[in-house]
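Here is a short note to go with the model. Please read it with the structure open.

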Amino acid sequence: MQIDEATTQQILEIGQMEAALTREMAALAPTAVRPAPPNIELIEQNIRSATSTIFVASDDGMAIGFAIVSEAEITADPSFVPHQLGLLQELWVAPSHRREHVGRALLNASLSWATQRHLDFLQLNVLQANEAARAFYRAVGFSTTQLTMSHPLTDNASQFDGNR
């Protein structure tokens, strides 16, 4: 397995993996996420940007996972402690390569990227229903600092209890 920063030649491959991620998340949280075509422009922007990158995991030249990480800043509200942070926007590994440390390698590349930029920490969001991802992130040292809670106001929203 090899981890590299993505090139523009990999945009379509990353788009296919992002679509797979979206399908999986939609199955876990159908009232919050829906399958959608990949945002090719945003993928290219993340590759070309000085403040974000995409890491691609490959095995024998085939892409088997990716991670998108970017810089962010907390400064707008004086009631929050200002921070320079990294945001792990997406991390996905092909089902056929899960439990082979691909996710850990992508995460380590993202952590190194954020450390090299002297960011204070790496932050991410994960669906409540994605128990495997939550367990993975806890196992590698992430902790919960904030929870997003929802109260359904329509019949459509009440079908989702946050734990499916």
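1. Start with helix H2 (residues 40-48), where Ile43, Asn46 and Ile47 are buried. Buried means under 20% relative accessible area, exposed over 50% and partly exposed in between, with a 1.4 Å probe and protein chains only. Seen down the axis of H2, the buried residues fall within an arc of 100°, so they line one face of the helix. The arc is that of the directions from the helix axis to the C-beta atoms. Glu41, Gln45 and Arg48 are exposed, on the face of H2 turned away from its buried side. The cover over the buried residues of H2 includes helix H1 (11-28), E2, E3 and E4.

2. Ground rules. This is a predicted model: local features need pLDDT of at least 70, side-chain atom pairs count only at pLDDT 80 or more, and totals for chains, interfaces and linings use all residues. Residues are numbered from 1 along each chain as its sequence is written, and side-chain values use heavy atoms, with hydrogens and water left out. Helices (H or I, at least four residues) and strands (E, at least two) are DSSP runs, numbered from the N terminus.

3. The sheet. It is open, with 5 strands in the order E1-E2-E3-E4-E5 and mixed pairing. Strand E1 (2-5) and strand E5 (121-124) stand at the edges with a single partner strand each, so one side of each has no neighbour in the sheet. Two strands pair if DSSP finds at least two bridges between them. Strand E2 (residues 52-59) and strand E3 (residues 62-74) pair in the antiparallel sense over 8 bridges.

4. Met62. This residue lies in strand E3 and is the bridge partner of Asp59. Met62 counts as partly exposed, because its relative accessibility is 46%. Leaving aside neighbours within four places in sequence, Met62 is in contact (heavy atoms within 4.5 Å) with Ala57 and His97.

5. The cores. A nonpolar core is a set of buried Ala, Val, Leu, Ile, Met, Phe, Trp, Tyr and Cys residues joined through side-chain atoms within 4.5 Å. The largest has 20 residues, and Leu88, Leu91, Leu106, Leu122 and Tyr137 have the most contacts inside it. E2, E3, strand E4 (83-93), helix H3 (102-116), E5 and helix H4 (131-139) each supply at least two residues of this core. H3 gives the most, with 6 residues. A second, separate core of 16 residues includes Ala6, Ile11, Ile43 and Ala94.

6. Tyr137. Beyond its neighbours within four places in sequence, Tyr137 is in contact with Leu88, Leu91, Leu124, Val126 and Phe142.
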